[in-house]
Amino acid sequence: MAGAYDASLPSVPDWLNKGDNAWQLTSATLVGLQSMPGLVILYASIVKKKWAVNSAFMALYAFAAVLLCWVLLCYKMAFGDELLPFWGKGGPAFDQGYLKGQAKIPETVRIFGNGTTEKEATMPYFPMATLVYFQFTFAAITTILVAGSVLGRMNIKAWMAFVPLWLIFSYTVGAYSLWGGGFLYHWGVIDYSGGYVIHLSSGVAGFVAAYWVGPRPQADRERFPPNNVLLMLAGAGLLWMGWSGFNGGAPYAANLTSSIAVLNTNLSAATSLLVWTCLDVIFFGKPSVIGAIQGMVTGLAGVTPGAGPSLLTSTKCIAGLIQTWAAIIIGIFSGSIPWASMMIIHKKSTLLQQVDDTLAVFYTHAVAGVLGGLLTGLFAHPDLCVLLLPVPNTNGAFYGGNGGKQFLKQLVGAAFITVWNVVSTTLILLAIKMFIPLRMAEEELGIGDDAAHGEEAYALWGDGEKFDATRHETQMQQFERDQEAAHPSYVHGARGVTIVL
């Protein structure tokens with residue numbers, strides 16, 4: 001077989017950096033593993049046994065459906081040419097000539113008033129195919145996070161219709177506005193790895209979906225223990241480790257920025273997990289595994305907006321928008337403020353208690369995402385902003401100058417994503433409701449997976465079955481003969497035990 005640099009191979013384009021391309025594909029794979037199998041395992045194990053299959057399937061279906069919709073239409077809606085200030089022109093992204101060319105986000109170019117170019121369009125040193133797949137993994141995990149709010153009662157057919165519609169009419173708008181060269185990007189709102197595009201949008205959309213789908217049965221709301229805590233930790237571990245690709249791949253290059261972003265990401269997650277766990281011990285007397293996982297997630301979501309730049313065009317190696325000490329501070333806030341919103345504010349608010357957000361996605365993602373975006377507006381270093389942002393004279397509020405204006409921009413960006421997701425998610429669900437019930441029938445809610453899919457998660461012997469000696473007659477007879485030969489005093493005993501669970 002020909003080697004990597006064989007003379008007979010096609011020439012390598014001048015723009016292709018094999019190191020950047022390798023790291024970007026690795027990062028994309030890490031982010032993909034967060035969803036499949038990370039969230040598939042986490043969702044399947046964190047719910048009651050009767051919903052394990054349904055919860056896993058919702059994540060699995062979304063991962064596959066988003067990929068097909070992404071290459072058929074949605075990638076160019078999020079990163080293509082401008083249709084509206086908040087939306088790109090949709091179109092297919094699977095032509096070989098298009099995918100083999102250099103990656104480019106055309107609308108990120110910035111033009112002076114006199115028509116000259118102030119900032120070139122973002123053009124990483126790897127193929128367009130790499131960028132299309134990398135951004136797909138972000139779209140997939142965002143959609144799967146929405147499912148966490150409606151586990152345990154949403155009609156699976158309604159979910160199958162919801163996924164492509166929400167991807168088209170909600171996710172692509174946020175992605176284009178903040179990443180693809182839309183109006184928020186050019187205004188200077190900072191969201192480099194998805195604090196707003198991913199976490200805020202999924203948390204708000206999940207909360208709205210939970211309202212329209214309705215709550216779980218009262219018995220499930222009062223008691224909804226995980227069916228496998230150890231497997232739940234395995235899924236959470238994949239989610240945590242995959243975040244290295246989430247923020248480490250955001251610079252679009254294998255440089256010092258990606259290294260610092262990975263360190264900041266893990267440091268924030270660890271800090272937030274420890275803070276959440278300490279608060280559980282102080283107020284409830286003992287640590288909780290579920291609480292630790294929630295603290296991990298809020299730390300990851302909180303550091304995402306500023307851990308590393310996703311639209312890096314400078315050749316200089318820099319350390320994202322925040323310094324490592326700021327990542328620790330973000331971890332402290334991410335482990336405490338979402339905890340207080342979930343454990344205190346939620347319990348005192350009648351309105352919040354009426355909405356059954358199964359996995360508390362609103363608190364762990366929306367609250368943490370907004371928190372991270374606002375803290376980035378405070379901690380964004382001016383020297384780093386000069387190199388990274390399309391708008392000059394930008395810095396966090398703690399560095400003086402126009403910092404207060406940047407904090408205001410972060411607020412406005414959060415407000416836009418929130419309002420758009422409330423409206424779009426509501427309209428999508430009401431449209432689906434005209435044709436498909438959003439909620440399972442009451443008898444299905446009582447049965448669970450067997451009613452929804454005809455399958456159950458665990459086939460344990462004794463679950464509705466009795467021991468049938470005739471099915472094992474040959475083996476039993478052979479066993480008895482062997483026992484009699486070894487022990488003449490052997491007495492025939494019971495051939496089986498029926499376990500009643």
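In the protein chain, residues 24 or more positions apart account for 78% of the contacts with a separation of 6 or more, a contact being a pair of heavy atoms within 4.5 Å. The structure is a predicted model, in which local features need pLDDT of at least 70 and side-chain atom pairs count only at pLDDT 80 or more, while totals for chains, interfaces and linings use all residues. Residues are numbered from 1 along each chain as its sequence is written, and side-chain values use heavy atoms, with hydrogens and water left out.

The pLDDT, which is the predictor's confidence in each residue on a scale from 0 to 100, averages 84 over the protein chain, and 80% of the residues score at least 70. Over residues 308–320, however, pLDDT stays under 50, and the model has 49 contacts beyond four places in sequence for this stretch. Residues 490–499 also have a pLDDT below 50, with 18 contacts in the model beyond near neighbours in sequence.

The protein chain contains 19 helices and four strands, assigned as DSSP runs (helices H or I, at least four residues; strands E, at least two) and numbered from the N terminus. Of its 501 residues, 52% are buried, where buried means under 20% relative accessible area, exposed over 50%, and partly exposed in between, with a 1.4 Å probe and protein chains only.

When residues up to four places away in sequence are not counted, Tyr171 touches, among others, Trp70, Phe138, Trp166, Trp179 and Ile198.

Helix H12 (residues 324–348) has 25 residues and reaches 35 Å from its first C-alpha to its last, close to the 36 Å expected at 1.5 Å a residue, the expected span being 1.5 Å times one less than the number of residues. A kink of about 30° is centred on Ser341 in H12, the bend at a residue being the angle between axes fitted to the seven residues ending there and the seven starting there. Among the buried residues of H12 are Ala327, Gly331, Pro338, Trp339 and Ser341 itself. In helix H10 (residues 256–284), the end C-alpha atoms are 42 Å apart, which agrees with the 42 Å that its 29 residues should span at 1.5 Å a residue. Gly285, which follows H10, has a positive phi, near 85°.
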